[in-house]
Amino acid sequence: MGAFFQSLGRTITAGVVVLIVLLIIVGAATGHWIQVGTQGWWQFAIRWLHIGSGVMWIGLLWYFNFVQTPSMPKIPDAEKPAVTKVIAPAALFWFRWAAMATIIFGVILAWMNGYLGAALSLRQPATAIGIGMWMGIIMWFNVWFIIWPNQKKVLGFVTVAPDEKAAAAKLAGLASRINTMLSIGMLYFMVAQSHGGL
């Protein structure tokens, strides 16, 4: 059993299988089956993908800010390449593509539900989610156009002078902290729209 779960691919596949089995059991027990292919199902499916992508994005953002960055000064210099050459590049890959997926699925979801224009222009009845969307867009911009280009310099994907590397690390760190700050309000406004928080 332990060997099975050593593979991320098998673990994800097993998660999908467990989900399908549970949906079949619930459908058989209640007589309420998912109406795959209907507009409502597609709206739900896109929302599920949007939330899943967002969990990965914000989870990695918080990992960087709550775990990796504060821990780096405590790691002996001889061991730091394990983080900078192996862990950080992989985490940044999933981080930036989770940000992209979150934005794409969020825009599709807002369009499918008919509130994209109202949300982006901060009009009622989509003001709260619109504020959350704009905060998310700013965060996405920071990931793709500030954090990632500077992290490429820090990680050595782009060769730069040591002083430019230090400046890039500082700028990427600042943008990451700004995103952490924005994530608190962004999550609040996203949830507030449909749960009476505004």
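Buried means under 20% relative accessible area, exposed means over 50%, and partly exposed is what falls in between (1.4 Å probe, protein chains only). Keep those words at hand for this tour of a predicted model, where local features need pLDDT of at least 70, side-chain atom pairs count only at pLDDT 80 or more, and totals for chains, interfaces and linings use all residues. Residues are numbered from 1 along each chain as its sequence is written, and side-chain values use heavy atoms, with hydrogens and water left out.

**The whole chain**

You will find six helices and zero strands; helices are DSSP runs (H or I) of at least four residues, strands are E runs of at least two, and both are numbered from the N terminus. The C-alpha trace spans about 65 × 50 × 25 Å along its principal axes. Of the 198 residues, 32% are buried. A contact means heavy atoms within 4.5 Å. Among contacts with a separation of 6 or more, 66% join residues 24 or more positions apart.

**Asn150**

Now select Asn150, which you will find in helix H5. Is Asn150 buried or exposed? Asn150 is buried, at a relative accessible area of 9%. Show its surroundings too: apart from neighbours within four places in sequence, Asn150 is in contact with Ala168, Leu171 and Ala172.

**From H5 to H6**

Next, pick Lys153 and Glu164. They form a salt bridge, their closest N and O atoms being 3.3 Å apart; the term stands for a side-chain nitrogen of Lys or Arg within 4 Å of a carboxyl oxygen of Asp or Glu. Lys153 lies in helix H5 and Glu164 in helix H6, so the pair ties together parts that are 11 residues apart in sequence.

Val191 is partly exposed, with 47% relative accessibility.

The structure holds two salt bridges. For the one between Asp77 and Lys80, look for closest N and O atoms 3.4 Å apart. Asp77 is exposed, at 63% relative accessibility, while Lys80 is partly exposed, at 23%.

**The loop between H4 and H5**

Turn to the loop between helix H4 (116-120) and helix H5 (127-154), where Pro125 sits. What is the peptide bond from Gln124 to Pro125, cis or trans? That bond is cis, with omega near 10°. Leu122 lies in this loop as well. Its phi is near 55°, a positive value in a residue other than glycine. For comparison, most residues other than glycine have a negative phi, and most peptide bonds are trans. Leu122 is partly exposed, with a relative accessible area of 41%.

**A nonpolar patch**

Finish by selecting Leu19, Leu23, Ile34, Val36, Phe44, Trp48 and Leu49 and showing their surface. Together they form a nonpolar surface patch with about 670 Å² of accessible area. Which helix gives the most to the patch? H2 does, with three residues. Helix H1 (8-30) and helix H2 (39-71) each supply at least two. Leu49, one of the patch residues, lies in helix H2 and is partly exposed at 34%. Such patches are made of residues with over 30% relative accessible area and no salt bridge, with nonpolar side chains (Val, Leu, Ile, Met, Phe, Trp, Tyr) joined within 5 Å and like charges within 9 Å. Accessible areas come from the Shrake-Rupley method with a 1.4 Å probe, and for residues only the protein chains shown count as cover.
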